Amino acid sequence: LAAPPHRSLQSDGVNPDLASERLTASFSVEKLTARLDGGAEHTRMRRAIVEAIESDPAFSRENQYFQSQNERYEAAVRRAVHLQKKMREMGWTENGPEIKYIYRWLSGDIAFLLHRVFMRSISVLGSDKQVAKWIPLATEHQIIGSYAQTELGHGTYLQGLETTAVFDIATQEFLLNTPKISAMKWWPGDMGRSATHTVVFAQLYVHGKCYGVHPFIVQIRSLQDHSPRPGVTVGDIGPKMNFEHTDNGYLMLQNVRVPRENMLSRFCEVQPDGTYVRWGSQKINYFTMTTVRISILSDEVILPLMKACTIAIRYSAVRRQSKLKPGEQEAKILDYQTQQQKLLPQLAAAYAFHFINIYLHELFDRGYQEIQGRNFDSLPELHAFSSGFKAMVTQYCTSGVEICLRACGGHGYSLLSGLPSLYTRVLASCIYEGENTVLFLQTARFLIKCFMAASAGQPIPPSVTYLSSAKPGKCPAKDKLDFLSPDVYLKAYEQMAIRSVTKLQHLIQSGAEKHEAWNQCTVQLVKAAQAHCHYITVKIFVETVEKLDNKAGIQKVMKHLCDLFALHGIFSNAGDFLYDGYLSGAQMDLVTASYLDLLAVIRMDAVPLVDAFDFTDKSLNSALGSYDGQVYQRLYEWAQKSPTNQQVSPAYGKYLKPLLQNRLSKL
Amino acid sequence: LRGEALVINDPDFQHEDLNFLSRSQRYEQAIRKSSLMVMKLREHGIADPDEIYWFKRTCLGPFPEPFGLHFSMFQKTLETQTTDAQKEKWLPLVRGVNIIGTYAQTEMGHGTHLRGLETTATYDPATQEFILNSPTVTSIKWWPGGLGKTSNHAIVLAQLYTQGQCKGLHAFIVPIRQLGTHEPLPGITVGDIGPKFGYDEMDNGYLKMDNFRIPRENMLMKYAQVEPDGTYVKPLNDKLTYGTMVFIRSIIVGDSARSLSRACTIAIRYSAVRHQSELKAGEPEPQILDYQTQQYKLFPLLATAYAFHFVGAYIKDTYRRISGDIIEGDLSELPELHALTAGLKAFTSWTANAGIEECRMACGGHGYSRCSGLPDIYVTFTPSCTYEGENTVMMLQTARFLVKSYTQVSSGQRVTGMVSYLNDLSRQRIQPQHVAARPVTVRINDPISLVEAYKARAARLVEAAAKNLQAELNHRKSKEDAWNRTSVDLVRASEAHCHYVIVKLFTAKLSEISNAAVRAVMTELCLLYALYGISKNTGDFLQAGILTDTQVNQVNQHVKELLAIIRPNAVALVDSFDFHDVHLGSVLGRYDGNVYENMFEWAKKSPLNKTEVHESFHKHLKPMQAKL
C-alpha cells in the first residue's frame with residue numbers, strides 16, 4: 001500500500017520541524033491507518049471517495065470561516081442538492097458502503113441531515129402502507145422532512161411535552177395545537193427554512209382521554225411556493241454557538257388538521273371509531289432510539305477529538321518557545337512536559353474511544369440479531385451502555401478538544417485554526433440525544449439494580465458481573481514498572497468501580513422515601529456510572545491491544561497509549577483510588593512517575609500517531625494543522641483573504657475621521 | 001447607578017442585537033460607540049482614569065472595544081516610559097484622542113517568551129533614525145487589538161541594534177497610517193488577522209515593516225537611551241516593569257470574578273424558571289434548581305465567584321498600598337506580589353473558564369443558543385487564559401518563587417508573606433516523614449481549620465516538587481532540563497498554593513462583614529468553596545494524610561447539606577451581583593424571568609427570518625424538486 005500524496009515524505013515544502021518528527025516513528029503509519037479503517041481495502045475506498053469529493057469545487061469549504069449565517073445556510077443547501085447529483089454520477093447509494101465516508105468528510109456541514117432522521121423515523125415507526133407512501137417522496141426530495149420533538153420548555157423529559165393532537169371522529173382527522181408558548185417546537189434542524197414536512201410528537205387525546213406522546217406527519221409548508229401552511233407559524237431560532245449552516249427551527253400549530261392516516265402506526269393506531277389499539281412490541285423501536293446515541297459517537301464526537309489532536313500536536317512540533325538548553329535554538333513546545341501532559345492523554349483517549357466505539361457497535365449488532373429473534377433480554381444492558389458511553393465519550397471528547405484549543409495559545413483562538421469550530425460542534429453533543437447528567441443517572445439505575453439482583457443471588461448481565469466479585473485487598477504493585485502491567489491497573493479500576501457502586505447501595509436502602517433518597521444521592525450516582533464506563537473503556541482497550549499482532553510495531557505503541565490512558569485516569573482521580581486504601585500514597589507516587597515517563601516515550605511517536613488518522617488538509621481546514629506544517633505562511637495568507645481586509649470599512653470615514661479632528665497631516 | 005441608567009437609556013448607545021450582525025457590522029458598531037464615548041468624555045470633561053474606566057464600562061458594557069489598547073497599554077506605556085520631552089509631545093495627542101494607538105508586542109511566532117521576538121530596530125547614526133524591519137514571516141506582529149483597522153500609531157517592541165550590537169527589547173513609537181487619509185504609510189503592511197472565536201468587534205491586527213524609518217526621538221527613553229552617535233545607555237532597574245504586569249493581572253483576576261458572576265446569574269435564574277421531569281410521582285415538574293445534580297453544578301461556582309471577587313479586591317488593594325513604595329524605589333514587596341499574581345491570574349482564569357462552560361451546559365440546549373448570552377461570555381473570556389502570560393507559564397513563574405522560598409527555608413532562612421507556612425518545614429526536619437504527615441486535626445465545618453488543611457496540602461506539594469526537582473538536578477547537567485522534567489509537579493504545587501491563598505482570603509473576609517445575615521450566608525459560601533475544593537482533590541488530602549477516609553465522606557456529605565442550605569438564597573445571591581439586563585445580554589438570565597416569550601421575540605429577528613420564504617428555496621430547492 002503506497003502512501004497517498006498528501007503524506008509523502010519526499011514532497012518539498014514540508015516544514016523541517018515536522019519532517020523530522022516523521023523520521024523517528026517506531027511503527028508503520030500506513031499499517032496503523034489500515035487498522036483504524038478496518039482493513040487496507042477500506043482505506044483505499046475511503047481515500048478514493050475523499051479524492052472524488054475534494055476534487056469537486058462545489059464541496060469546497062475554503063471560505064467557510066468568513067461566511068455569515070445566511071451564507072452558511074445557503075451553502076449547506078447548495079451542497080446537499082449537489083450531493084444528490086454527485087451520488088448519481090458516482091453510483092453511490094444511501095445504503096452503500098461509501099455513504100459513511102461521504103458524510104464523515106462532510107463533517108455535518110450540509111443541509112437535510114434531519115431529513116434523514118425524518119425518513120428513518122417513518123421507516124421505524126410507520127406502517128408498511130405509510131412507508132410505501134412517504135419514503136419514495138422523501139427519497140426523491142419531493143418533500144423535505146424534519147423531526148420535531150423538543151419543545152421550548154421541554155427537552156429530555158418526553159412525558160412533559162405539551163403539544164396536543166385531538167382526534168375528531170366527525171372528520172377523521174387529528175387537530176394539532178400548540179397550547180402555550182413553552183409548547184412551541186424548538187431546535188429541530190432543517191425546519192426553520194427548508195422543511196415541507198415534519199414528524200411532530202404530541203400528546204394524543206381521543207374522547208377526552210390522553211394516551212401519551214405519539215408521532216404525526218404534518219405538512220408545514222406549501223409544495224408550490226414554500227409558504228407556511230394555514231395555522232402554521234415556522235421560522236429559524238436564531239444564531240447559535242455553531243451549526244450556522246443549519247436552520248434549527250421553531251414551530252407553532254394552531255388548529256392544524258392532518259388525516260387519521262398521518263399518525264405513524266406501526267405499533268399503535270386510532271381506528272375510525274376512535275378505538276385506540278396497540279400491538280406488537282415497542283421495544284424494537286426503543287432499541288432503535290437507543291442505537292442513535294451510539295451512532296453519533298464516531299463521526300460527531302470522536303472524530304472531532306482526533307482532528308483537534310492532529311492540529312494541536314502538529315502545531316506543537318512547529319511552534320518553538322523559550323530555551324531548554326542554553327545556547328540552543330528555542331525548543332519545540334511539544335518537548336515541554338506540561339504541553340505533553342495536556343495533549344498526549346487526549347491522543348490516548350481518542351484511540352481508546354475509537355476502540356470502545358467498535359466494541360459498542362459489535363455489541364449492538366449482536367443485540368439487534370437477538371431482538372429480531374424476539375429475545376429482549378439484553379435490552380436493559382444495551383440501554384445502560386448507550387446512555388453511559390454517550391455521556392462519558394461526549395464529555396471527555398468535549399473537554400479534550402477544548403484542551404487542544406487552549407494548548408495552541410493565541411493562534412488556537414483564531415477561527416482559522418479550525419479548533420473553535422470543532423469545539424463548539426462537539427460540545428453540542430453533550431446535550432442532544434439526551435442530556436449527559438440524566439443519561440449517567442440511567443446507567444447508575446441499571447448498576448444499582450444489577451448489584452441488588454446479584455446480592456439476592458439472581459443472574460446479572462455479563463458486563464456487570466464484576467460487581468459481585470468484590471474481594472477486599474490491596475494493590476500489589478511495588479515498583480513504578482508494575483503499573484505498566486494491565487492486570488495491575490485494570491484491577492485498580494475494577495475495585496474503584498465496585499466501591500463507588502456498593503457505597504451507594506446502603507444510601508439507597510436507608511432512604512426514607514425512595515425518590516427523596518435518590519435525589520440525595522445523585523451526585524454520587526453520576527460518579528458511579530462514570531467509574532463503571534471508565535473501567536469498561538480501559539478493559540476494552542487492554543483486550544484490543546492484546547489481540548493486535550505486533551508486526552510493524554503497532555501493538556507496542558498501542559500498549560503505550562493504553563497504559564497512558566489508564567494511568568492518566570488514576571493520576572487525575574487519585575482520591576477515588578486512594579479512598580479505602582486500595583492504592584497507598586506511596587503507590588500513587590509510583591503511578592505518577594510511571595505516567596510522566598510514558599509522556600516522554602509517546603512524545604517520540606506523537607506526530608506519526610496523529611498522521612495515522614489520515615485526515616486530508618481540506619478536511620482539517622486548519623491553518624495550524626496542515627500536513628506540511630507551513631503554519632505561519634498559511635496563517636498570513638488566509639488572514640489576507642478575510643473580508644475585513646477586502647472591503648473598505650465605512651468606520652473610518654463615518655466615525656474615526658470626525659473624532660480625530662485632524663488638522664495635523666504629519667507628526 | 002443613576003449614571004448607568006442615563007447611558008443605557010441614551011438613544012445614541014442603542015443598537016441592533018449584536019448576535020444578528022456580521023463581524024464587519026459589529027466592528028463598525030463598536031467604533032461608533034467608542035467614538036461617541038470619547039466625544040462624551042470630551043463634552044463632560046472627564047479626565048480622571050478611574051472615572052474614565054467607570055464611564056467606559058457603562059457605555060460599552062462587557063464587550064471588547066477597538067480603542068481598548070489605546071487607553072490601557074498605549075497611553076499607560078507613554079506615561080511611564082517616556083522622557084519629559086516625549087511626554088510633552090505625545091501625551092496631549094493621546095489623551096485627546098488626536099491619534100489612536102495600540103501596543104504591538106506579540107509576533108506570529110513568538111508570544112509569552114519575549115526574548116524570542118524577532119522584529120529589529122537598527123540605529124542609523126547618519127540620519128539619526130531607527131530602521132524597523134520584520135525580517136521573517138514569524139516576526140510579523142500579530143494579534144494586537146485595534147491594530148488591524150483602527151490605529152494610526154503603535155508602540156512596537158523590537159530588538160535594538162546599535163553600533164553592531166543587539167541590546168535586547170526596546171519600545172518605539174511607530175506611525176503606521178497616514179493622518180487624514182488613514183492609508184498605511186509606505187513600508188508598512190497592516191491588516192486584520194481574520195475571524196476569531198470571539199472578539200468580533202475587535203480588529204486584532206498584523207503589522208509588517210520593511211525598512212521603515214522613525215526618528216531617534218521615537219524610542220521610549222525614560223530608562224534606556226540611544227545617544228545621537230549611537231552610544232547605548234543602560235537602564236537602572238528592570239524590576240520596574242513588574243508593576244504594570246501586577247496591575248494588568250489583577251484586572252484579569254477581577255474579570256474572572258465578573259465573568260463567572262454573569263454566567264452564574266444567567267444559569268441560576270434560568271434554573272429557577274425551567275421545570276423538568278418529576279421528583280415525586282404525580283407532582284408537577286419541579287424547578288431544575290431543585291435537583292441536587294443541578295445545585296452541585298452551580299452553587300460551588302457561585303461560591304467561587306464570590307471568592308474571586310474578594311481575591312481581586314485584595315490584589316488591587318495590595319497593589320495600591322505598595323505602589324507608593326514602588327515610586328519611592330522600594331521594590332521589596334514586589335517579587336512576592338508578582339509571583340502571586342501570576343499564579344492567581346492563571347488559577348482564577350482557568351477556573352472561571354471552566355465554570356462558564358459548566359453554567360452553559362447546565363442550561364441544556366438553550367444555553368447553546370446565542371440568546372442565552374453564555375456563548376459570548378465564554379468566547380470573550382477564554383483568551384484571558386492565554387493573553388498577558390500563558391497560564392501554564394504563569395503557574396511555573398509562581399512555582400519558581402515557591403521553590404526559591406523552599407530553598408531559603410532549607411538553608412535556615414525565614415520567609416515572609418503568603419509562603420510563610422514553609423517556615424514550619426524546618427521544624428519538621430527532625431522527623432523522617434513528610435511534612436504534612438504530621439496530624440492536622442481538621443474540623444470540617446470550621447473555615448479556619450480548613451485553611452490549615454489547604455496550607456498543609458500546599459506545603460506537602462511544594463516540598464514534593466522541590467525534592468523531585470533536586471533529584472532531577474542530581475541526575476542531569478542541564479538545569480532547564482531538570483526543571484522541564486518536574487514541571488507537572490511544579491504546576492500542581494502552584495495550584496495548591498493559589499488554592500490555599502484563596503481559601504485564606506475568603507475566610508479572612510468573613511470577620512470583616514458586620515451584617516449578621518450577610519456574614520452567615522457568606523460563611524456558608526466560604527465553607528462550600530473550601531469543602532468542594534477538597535472533594536475535587538481528595539487524592540492530595542488523602543495521600544498526605546491530612547484527611548481520613550471517614551473525613552472525606554463527611555466532606556462529601558457536608559457539601560450536599562450546604563447545597564440544600566444555599567438553595568433558598570441562590571437567586572438573591574446572584575441578584576446581589578446587580579447586573580443590568582442590558583449588560584447581562586441574556587434572554588435566559590432576565591431579571592423578570594420571562595424567558596420563553598422573549599426567546600420567541602428574539603428568534604423572530606434572526607437574519608434567516610428576514611423573509612418568510614428564504615431565497616435559497618428559489619435558488620436551490622425548487623430547481624432540485626423540478627429536476628426529479
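## Terms and model

Two strands count as paired if DSSP finds at least two bridges between them. Helices (H or I, at least four residues) and strands (E, at least two) are DSSP runs, numbered from the N terminus.

This is a predicted model, in which local features need pLDDT of at least 70, side-chain atom pairs count only at pLDDT 80 or more, and totals for chains, interfaces and linings use all residues. Residues are numbered from 1 along each chain as its sequence is written, chains are lettered from A and ligands numbered from 1 in the order in which they are written, and side-chain values use heavy atoms, with hydrogens and water left out.

## The sheet in chain B

Chain B has an open sheet of three strands. The order is 4-8-7, and the pairing is antiparallel. Strand 4 (141–142) and strand 7 (188–192) of chain B are the edges. Each has a single partner strand, so one side of each lacks a neighbour in the sheet.

Strand 4 of chain B is joined to strand 8 (residues 205–209) of chain B by two bridges. There, W142(B) sits opposite Y206(B) of strand 8. The other chain comes in here: helix 21 (residues 631–640) of chain A packs on this sheet. That helix touches strand 4, strand 7 and strand 8 of chain B (contact means heavy atoms within 4.5 Å). Its direction makes about 110° with that of strand 8 of chain B. Axes are lines fitted to C-alpha atoms, for helices over the stretch in contact, and angles run from 0 to 180 degrees between N-to-C directions.

## The sheet in chain A

Chain A also has an open sheet of three strands, in the order 4-8-7 with antiparallel pairing. Here strand 4 (185–186) and strand 7 (232–236) of chain A stand at the edges. Each pairs with a single strand, so one side of each has no neighbour in the sheet.

Two bridges link strand 4 of chain A to strand 8 (residues 249–253) of chain A. K185(A) stands opposite L251(A) of strand 8. Helix 21 (residues 595–604) of chain B lies across strand 4, strand 7 and strand 8 of chain A. This helix runs at about 115° to strand 8 of chain A.

## A hairpin in chain B

Strand 5 (residues 153–162) and strand 6 (residues 165–175) of chain B pair antiparallel over nine bridges. A154(B) has V174(B) of strand 6 as its bridge partner. Two residues lie between the strands of this hairpin, and Q163(B) takes a positive phi near 50°.

## Where the chains meet

F197(B), Y368(B) and L608(B) supply 7% of the area that chain B buries against chain A, more than any other three residues.

Six salt bridges cross this interface (a side-chain nitrogen of Lys or Arg within 4 Å of a carboxyl oxygen of Asp or Glu). One of them joins E390(B) to K342(A), with the closest N and O atoms 3.5 Å apart.

## A salt bridge within chain A

Over all chains, the count comes to 60 salt bridges. One pair is E21(A) and K332(A), whose closest N and O atoms are 2.8 Å apart. E21(A) lies in helix 1 (residues 16–23) of chain A. K332(A) lies in the loop between helix 8 (283–318) and helix 9 (337–372) of chain A, so the pair ties together parts 311 residues apart in sequence.

Technical notes: Buried area = accessible area lost by both parts, 1.4 Å probe.
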